[in-house]
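Please open the model in your viewer and keep the selection panel at hand.

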Amino acid sequence: SRRRFWKGEMNADKQVAYDTLRECLLTISKLMAPVAPYMSDLMYRSLVSDAATTDSVHLALYPVSNEKLIDTKLETRMAKAQIISSLVRQMRERAKIKVRQPLERLLIPCANRQDIEELRKVEEIILDEVNVKRIEYVLFGDSDVIKRKAKANFKALGARLGKQMKDVAARIGKMTDEEITRYEQQMGIEFDIAGEMIKVERGEIDITAQDVEGWLVSSEGGVTVALDTHISAELQSEGIAREFVNRIQNLRKDSGFEVTDRISIAVGGAPDALRDALAKHENYIAQETLASKITSNGDSADGSEIDLGELKAMVSIARL
């Protein structure tokens, strides 16, 4: 939420961000008061200023939940957003692609159009969390990228099914995409085995997703995602700029600058790829680092060396 707080003018979005943060901190100070009396009181006194509030958190009423404000649909789509973000981070780690390196697209298969519309409501949050440019939605079975396979969990099923285990395992191996989706959503599925309906419950089937060249695929909790791992020259340049911002932020911290201090940045001995990234993304770098000026000093060796993996340069920053 940093960008929401650091916007220039106080618009509606910025005001809502501050109001929400205050409400959360104020409620937390009351909740933690019995176990952290001094810290909670310090937090509370810093947040309240009007005469209608009490002088101490220990004189305030304990928070009471308002069940009318519970939005189960919001909770469900946010839970999916968390799972998707976690899966993408795991796939990035598997492919050794840093989170600061932007990627082009994420493919998410859904059971129906309603699920797609629900995910669209948290799309911007997901994109920001995983640093991907766009999300493409498909219905299960409509994509050649997403290929899921079901396999019986013999350890979980064996003791319960006994002789029927072999037939049930064979049927599980033939599950369609639609059946896999139904199994994940309903926490189980029933099969007709020789005229007898046998229910297979959650955890008794292992669902795996197969990677396709150029894509990584992963599943968890009924959610499957495919990540396009191709990195174009444009994406690589943006990734370099993001890494550069990270190093500048570290230099700001090491130099003891305040978070509101505006600075100038001088770069020396930068390789062509870094100079190109600085030129293309100067506005982004300036905004993120509060830099009023970014200059290149050619082969100058002044300042501190920064390491961007295969790229190195000398950088100096100064408070304005």
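Begin by selecting residues 233–254, helix α10, which lies across β9, β11 and β12 and runs at about 145° to β11. Helices (H or I, at least four residues) and strands (E, at least two) are DSSP runs, numbered from the N terminus. Axes are lines fitted to C-alpha atoms, for helices over the stretch in contact, and angles run from 0 to 180 degrees between N-to-C directions.

Next, select residues 282–289: this is helix α12, which packs on the sheet and touches β9 and β10, contact meaning heavy atoms within 4.5 Å. The direction of α12 makes about 130° with that of β10.

This is a predicted model, in which local features need pLDDT of at least 70, side-chain atom pairs count only at pLDDT 80 or more, and totals for chains, interfaces and linings use all residues. Residues are numbered from 1 along each chain as its sequence is written, and side-chain values use heavy atoms, with hydrogens and water left out.

Now display the sheet itself, which is open, has four strands in the order β10-β9-β12-β11, and shows mixed pairing; two strands pair if DSSP finds at least two bridges between them. At its edges are β10 (291–296) and β11 (304–308), each pairing on one side only. On average, neighbouring strands of this sheet are turned by 30° against each other, direction ignored.

Select 263–268 and 311–319 together: these strands, β9 and β12, run antiparallel and are joined by six bridges. I263 has R319 in β12 as its bridge partner.

Finally, turn to β11 and β12, an antiparallel pair with five bridges. Here S304 has V315 in β12 as its bridge partner. Two residues lie between the strands of this hairpin, where G309 takes a positive phi near 80°.
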